Amino acid sequence: VISIPDCDYHKFLSKKSVIIKYKKIFQKIDCIISNNSITRPLCIVGHNLSLGKNIALSIAFSLLSLKYKKTSDMHFFSVIHDLAEEGRLNILHNLLKIESQGIPIWKHLYPQTNVHFTVLNKRNHKLFKNAGYSVSLLPNPINITNRSEKLEKNESISIQNALSAVSKNDRTNFDKTKKTYFYPVRVISRKNVLEAIIIACLIYKGNLIVGGYGTSRKDKILFNKILHHVRQHNLPVILNVERIKNYLNSDFFENNSVFEYLYKFSNSCITTSLVEGFGYALYEPWIYGKKVVGRLPQGIGYSELIDLSHLYDSLNIPISWISLETIRNKYYFHLSRFSYGNNIFFNPRSFYNFFNNYYLHNNFFDFGALTQEMQFSLLNKLSLTRDRSKMKLTIKNRVYDIGKIQNLQKNIGDTSLINKNRKTIKNLLGEKAFEKEFKRCFFSYHSFTDTNTENNQSFIKYFLNPDNYKIIMAI
């Protein structure tokens, strides 16, 4: 393993600092890959470079691929899990600031020649292919082995007691007599945890257990705000549920993860994520014999072979509950930050017309598309009044009364549905399927054609168009 600290995440403040750093990174990597003692053919794989979390590294990778364009035993791959253009507006804002300083950033984030891309979902595969890129679809693998075994009774009791201890420590209200819903994710904005609380605790009247906070300062602030709300309203929610290991014997989990035991312990799993590149929380629970209920996220590209009858498209609230003008103005403010004279977005009047046509549905608005401030305000209202009768669900463009959501969690132990989806996921995403697709991606010859600038710009504008995501994650 050769460590190059210059490749770590880094935020640049000037064009000069970017140029100095990318030249340094280029030289260091070039020195390694040009060494004739390294076994050939050689694969150079970049991971999530399109996010530009170290823009100098993204540029260096792009320039190296051009330098070795005619080298037959050196192959460049860009593995993309997430895209800045897919609603990650703070990241996108930083990239566009760099572009405004005269660095042609997009051609380096998405190199037009001699780089083969791999993506996780069908939508992105189609998008890259239509824009003229060399691309393969390579979903993440799901570990299938022995996952459906049930917990022993004493194991369930131990976990239940540990959850109660964590809840007591947090001054929250875990209830042993209620069903427990597991949301196996970190608490970050796009996971939309407040909606999960509404579904699991206020509608299903069960417990909700969730993972820990994300890596950023913003994630920790969100985590603490949710914890404060849970305490204030005495809700049966446990955040950072991995802490149960502090209340169990050190050898309790043996070589298994905490999440593996929580999958088996929970009655069902829930997901309310707004957008996913892959989405383990949508697939793994079935492997453990647990149904998934909740929201179908943007961009997931679920196989038509998987039963989706347990997922909805949006959770709608009456616009009389919110200030429509406030949220519309905030959307426009954040989206207009990215125009830079490129006419990607709209003038105020046309944007407001678009907003009304796209986001409003018969005087209802998707809870997931609200700002966090508004989500907290509504959750506070719902926690106090328990008045949820006016809420609606949208499933495949059909609107239902909120009572429909009860049907999604009926028969949560339905073995026929669970076995069907488990078998499908095993065939599509098991280790054997992954190995086959991995070889096809990395051990096959890929031809390249120069992608013209117009296609490249169309690709960018596709994601910058707010019609392609529901949430403005920066607000």
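Residues are called buried when their relative accessible area is under 20%, exposed when it is over 50%, and partly exposed in between (1.4 Å probe, protein chains only). The structure is a predicted model, in which local features need pLDDT of at least 70 and side-chain atom pairs count only at pLDDT 80 or more, while totals for chains, interfaces and linings use all residues. Residues are numbered from 1 along each chain as its sequence is written, and side-chain values use heavy atoms, with hydrogens and water left out.

Helices (H or I, at least four residues) and strands (E, at least two) are DSSP runs, numbered from the N terminus. The buried residues of α7 include V193, E195, I197, C201 and I203. After the helix comes K205, with a positive phi near 55°.

Two strands are taken as paired if DSSP finds at least two bridges between them. An open sheet is formed by 6 strands in the order β7-β6-β5-β8-β9-β10, with parallel pairing. β7 (237-238) and β10 (311-312) each have a single partner strand and stand at the edges, so one side of each is left without a neighbour in the sheet. β9 (residues 292-295) and β10 run parallel and are joined by 2 bridges, and R295 stands opposite Y312 in β10. Helix α10 (residues 280-287) also packs on the sheet, touching β8, β9 and β10, and its direction makes about 165° with that of β9. Contact here means heavy atoms within 4.5 Å; axes are lines fitted to C-alpha atoms, for helices over the stretch in contact, and angles run from 0 to 180 degrees between N-to-C directions. α7 lies across β5 (180-183), β6 (207-210), β7, β8 (268-271), β9 and β10, and runs at about 150° to β6.

A nonpolar core is a set of buried Ala, Val, Leu, Ile, Met, Phe, Trp, Tyr and Cys residues joined through side-chain atoms within 4.5 Å. The largest has 57 residues, of which I197, L208, I226 and F365 touch the most other members. Its largest share, 10 residues, comes from α7. A second, separate core of 41 residues includes L51, L64, L83 and L95.

Elsewhere, S58 lies in helix α2 (residues 55-67). With 1% relative accessibility, S58 counts as buried. Leaving aside neighbours within four places in sequence, S58 is in contact with L49, G52, H108 and L109.
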